[in-house]
Amino acid sequence: MAHYDEIEIEDMDWSEELNAFTWTCPCGDLFQITMAELAAGEEIAHCPSCSLTIVVIYDPEDFKDAAPGGEALPSQPPAAIAAA
């Protein structure tokens, strides 16, 4: 599957409202990936309004403490990402 782009997680924005990292999609919506998805090893962020996807480049170790399945996940990104 071809992806629209590859984006470093440090370049993405954290959305409190969506509880997800976001990146602007060419369609005008936002690519989104949650901390639970990152903790599960997911690296593909999807746009909810079109078929485009991006590959998120990140260190899985930064998300190893996030609970699987999304239970008790922090409402902020890990400090290593937030400080970038």
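Predicted model: local features only at pLDDT ≥ 70, side-chain atom pairs only at ≥ 80, totals over all residues.

Reader: Fine. What order do the elements run in from the N terminus?

Author: They go β-β-β-β-α-β-β-α, so two helices and six strands, taken as DSSP runs numbered from the N terminus (helices H or I, at least four residues; strands E, at least two).

Reader: How much of the protein is buried?

Author: Of its 84 residues, 32% count as buried. Buried means under 20% relative accessible area, exposed over 50%, and partly exposed in between, with a 1.4 Å probe and protein chains only.

Reader: And the largest nonpolar core, which residues have the most contacts inside it?

Author: I9, M12, F21 and V56, in a core of 16 residues. β4 (30–34), α1 (35–39) and β6 (53–57) each supply at least two residues of that core. The term covers buried Ala, Val, Leu, Ile, Met, Phe, Trp, Tyr and Cys residues joined through side-chain atoms within 4.5 Å.

Reader: Switching topic: T22, buried or exposed?

Author: T22 is buried, at a relative accessible area of 6%. This residue sits in strand β3 (residues 20–24).

Reader: What does T22 touch, leaving out residues up to four places away in sequence?

Author: M12, D13, S15, L30, F31 and Q32, with contact meaning heavy atoms within 4.5 Å.

Reader: OK, rings now. How many aromatic pairs?

Author: The count is four. Rings of Phe, Tyr and Trp (its six-membered ring) pair if their centres lie within 6.5 Å; planes under 30 degrees apart are stacked, over 60 edge-to-face, the rest tilted. Y4 and F31 are a stacked pair, 6.2 Å centre to centre with 20° between the planes.

Reader: Where do Y4 and F31 sit in the chain?

Author: Y4 is in the segment before β1 (5–8) and F31 is in strand β4, 27 residues apart. Y4 is partly exposed at 44% relative accessibility, while F31 is buried at 0%.

Reader: And what about W14 and F21?

Author: That pair is edge-to-face, 4.9 Å centre to centre and 65° between the planes. Both residues are buried, and W14, F21, Y58 and F63 form one aromatic cluster.

Key: Residues numbered from 1 in each chain as written. Heavy atoms only, no water.
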